[in-house]
Amino acid sequence: MLMPSKPAQLRPLTVVLHGPAGVGKTTLAKKWMLDWTRDNLPETLNSAFFLSCKELNHKGPCTFAELMSKNGPDFQGPGPEILAQEQKVLLIIDGFDELRVPSGSLIHDICGDWKKQKAVPVLLGSLLKRKMLPKATLLITTRPGALRELRLLLARPLVIEIEGFLEQDRREYFLKHFEKEDQALRAFHLMKSNPALFDMGSAPAVCWVVCTCLKLQMENGEDPAPTCQTTTSLFLRFLCSQFTPAPGGCPSQYLVAPVKALCVLAAEGVWTQTSVFDGEDLVRLRVEESDLSPFLDKNILQKGRDCGGCYSFIHLSVQQFLAAMFYILDSEEEEDGESHSGDIGDIQKLLSKEERLKNPNLTHVVYFLFGLLKEKRARELETTFGCRVSMEVKQEILKSQFGGNNPFSSMMDMKEVMYCLYESQEQQLVKDVMVHVKEMSLHLKNKMDLVYSSFCLKHCQNLQKISLKVDEGIFVENDTASESDCIERSQHDHHALCVWTDLCSVFSSNNKLSFLGVGQSFLSHSSVRILCEQITRVTCHLQKVVIKSVSPPESYQDFCLAFIGKKTLTHLTLDGNVHSEKMLLLLCETLKHSRCNLQYLRLGSCSNITQQWNDFSLALTINQSLKCLDLMASELLDEDVKLLCITLRHPKCFLQRLSLENCPLTESCCKELSSALIVNQKLTHLCLVKNNLGDGGVKLLCEGLSYPECQIQTLVLWHCNITRHGCTHISKLLQGDSSLTHLDLGLNPIATGLWFLCDALKKPNCNLKYLGLFGCSITSFCCQDLASALTNNQRLETLDLGHNLLGKSGIMVLFEALKQNNGHLKILRLKMDEFGVEIQKLLKEVKDSNPKLTINCEDSRTSRSSYYDSGY
């Protein structure tokens, strides 16, 4: 793809290789460099230049020719000839993320003169912005954190992700490192059981660390399983195993100064995003080269191959672990009182979300730091290196981050907190941190999230509500797979199900947990049954359960089976894929059970339920606890509505609230509903939102509502295609002896029929307390009628005029009426496009004369009135 033998128009001019530390970006770039220059015939000479950002950090101002001369031909000699054939030039900029430059310096003072002396950032910016060598091929390597900034500098780059070791590569590496295959495979599966550690294993250096550590443990007859439980325990064991004192011996005091020096170097590097250190860095940080010898011998630190006198850590993760150690090692103050911490931030800065957004490498330092808060690990460090570990940092973190009633401050989100707590493996710490947590919403994106959440949930003693969203891929039981993949998938699913079982145990162990929500989740038959098994236990006290859009569809059957006889359950929502005949039959058994206390039931998106309606109708008449039934977005045929109305007319039907939103009902259904409303004296709330009832349907409904036997108090008719004629029927209803107190007509074009409603509001026997006219095309011409109604009405408490273009004149008419009338109106919602001096003055006068009135001028309402759903 990048070879010069390819025509220039067919190969990309700018290529970016990105990936985490240690996955081989630099190695791949150097291989391309060698391949580029392989054909060394004079007439086809190809030139390649390698620029290491690590080294350029230490280079002062120079010319472009001087910048290139170190690793390529002398630009001050044959430079013009090369520039004349710049399409044959390959420029590699390695480690862009490690470039230490002030913000914005790469885009200022762009230079096109290769003989002019400039600062290195200016020269690099000129290359990236194509001011210099515009026809040359540019290859850049970077870690993901700097990719966004790099994209802003480049025009149409080809971006390639370097993944490093794939799973099979890691497996083969382990098999080569261990002499015995069984040990290699055990070590491999132990690493795989820790998702975070396994992800790090894409870097060969991390695989070496894991293999070195676990092999030594196995040779010593130790159990390596606890070592792989967390990344902290693995890196701690690796580091300590390299310097283990002889049995019965004391820790070597000669390691105290070296380990402190190494930790300073690591922390400085993480904060400055540097992985290579030269002599100047050592002097500045007062680190002696002799201090580094023990770690060079153990391959923890390496001497630079391309940069004499330079040092780097074997991998970024090792550097991050040592940086975390910096914060817990007890540092004695220097005699001269000077600190050698350089650019290293304190604990508060380390935990700052802003700092970690700027420097993502700090995040893993925080995780390691929490891992080192475990006292047993701290003692292991003291035993190995002879240095004192201070646990005061633990109290500092607890006080600053988790004080008060909200442990999730602006400095950390919930997921980060759980990651940190898992690394600590300190049960008491988890309890102390999570003691105030009453609600938790978990989005499980991978097995790592599942592991961390499971550990923390068990210690949330006061948890009352939990919502779960499980992404596809965590449970693979239902995935189609070839025979060769079956064993691997089975092992993956077995471990995931074990952790899931641990997580679900919280539903039967926490007697305060009363709410469970599972939405947009990809489960499996086994994972659903594990969850349901916990729900069925007597010690599970769930009161409200919401299941929405969960796969596989058969899982709804398992949930309904688990709910049979569940005495504590009062609210149940089953939404999405609710069309199984068996599921509805099981739900009927739930309703008919003698211990059923269900008060609210929502069955969303039901379809083809006509055949099961007889059973459902019978269940509704047997059950005496259900008060609210919501069939939103269910495909109800005329026959279904007829059967429903028969149920409503039954003397043993105890429903008080019924929602048939978006079902879709038509005018022909309203006759059945109207007759049912006359007979049923328990139903008080009816929601018919998003049904094409039309004026004819409203007329039929009003006939039933007008009977004194009808007890409907709340009627919601959002988006029902009601016009002027429908308003005449509603007006007549409101002027009679109707029990209606809440009416919502939002999103119906009733502006021309508003006069009829206003006329009804003036009548003394109109009982309306709430009138919703959101988005009803009302203009300033209607406001005089509204103002007159408000002046004469003594019962209306809430009027919603949001999303109507009332205009300045209309608003002023309303305000004048409100200023003169000290009625019962408590809430007025309206849209105000302008706040002129005149309106502001009038608004103040209205508030002064009606101190109990709240005027909401923000037009943010997008759904139907909240009063219908209150309590449910």
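## Helix α27 and its cover

The buried residues of helix α27 are covered by elements that include α26 (525-535), β12 (544-551), β13 (571-575) and α28 (581-592). Contact here means heavy atoms within 4.5 Å. Helices (H or I, at least four residues) and strands (E, at least two) are DSSP runs, numbered from the N terminus. α27 spans residues 555-563, and eight of its nine residues are buried. Buried means under 20% relative accessible area, exposed over 50%, and partly exposed in between (1.4 Å probe, protein chains only). The buried residues of α27 are Ser555, Tyr556, Gln557, Asp558, Phe559, Cys560, Ala562 and Phe563. After the helix comes Gly565, with a positive phi near 80 degrees.

## The model and the whole chain

This is a predicted model, in which local features need pLDDT of at least 70, side-chain atom pairs count only at pLDDT 80 or more, and totals for chains, interfaces and linings use all residues. Residues are numbered from 1 along each chain as its sequence is written, and side-chain values use heavy atoms, with hydrogens and water left out.

The protein chain has 872 residues, and 54% of them are buried. Its secondary structure comes to 37 helices and 23 strands. Take the contacts between residues at least 6 apart in sequence: 80% of these join residues at least 24 apart. The chain's accessible surface is about 38300 Å² (Shrake-Rupley method, 1.4 Å probe). Carbon and sulfur atoms account for 50% of that surface.

## Nonpolar cores

A nonpolar core is a set of buried Ala, Val, Leu, Ile, Met, Phe, Trp, Tyr and Cys residues joined through side-chain atoms within 4.5 Å. The largest one has 240 residues. Trp500, Leu773 and Phe815 have the most contacts inside it. Helix α12 gives the most to this core, with 11 residues. Another core, of 32 residues, lies apart from it; Phe49, Leu67, Trp114 and Ile140 are among its members.

Phe815 touches Leu828, Leu830, Met832, Ile839, Leu842, Leu843, Val846 and Ile855, leaving out residues up to four places away in sequence.

## A three-strand sheet

Strands β6, β8 and β7 form an open sheet in the order β6-β8-β7, with antiparallel pairing. β6 (276-277) and β7 (301-303) are the edge strands; each has a single partner, so one side of each has no neighbour in the sheet. Two strands pair if DSSP finds at least two bridges between them. β7 and β8 (residues 311-313) pair over three bridges. Gln302 stands opposite Ser312 in β8.

Helix α12 (residues 256-271) lies across β6, β7 and β8. Its direction is about 80 degrees to β8. Axes are lines fitted to C-alpha atoms, for helices over the stretch in contact, and angles run from 0 to 180 degrees between N-to-C directions.

## Two crossing helices

The axes of α11 (residues 231-241) and α15 (residues 316-328) come within 11 Å and cross at roughly 90 degrees. The two helices are therefore roughly perpendicular (65 to 115 degrees). From α11, Thr232, Phe235, Leu236 and Leu239 meet Ser317, Val318, Phe321, Leu322 and Met325 in α15.

## Two residues compared

Ser454 lies in helix α23 (residues 447-457). This serine counts as buried because its relative accessibility is 2%. Leaving aside neighbours within four places in sequence, Ser454 is in contact with Val499, Asp502 and Leu503.

Glu392 is found in helix α20 (residues 392-401). Glu392 is exposed, with a relative accessible area of 64%. Its C-alpha atom is 8.2 Å from that of Ile328, 64 residues apart along the chain.

Key:
Parallel < 35°, antiparallel > 145°, perpendicular 65-115°, else oblique.
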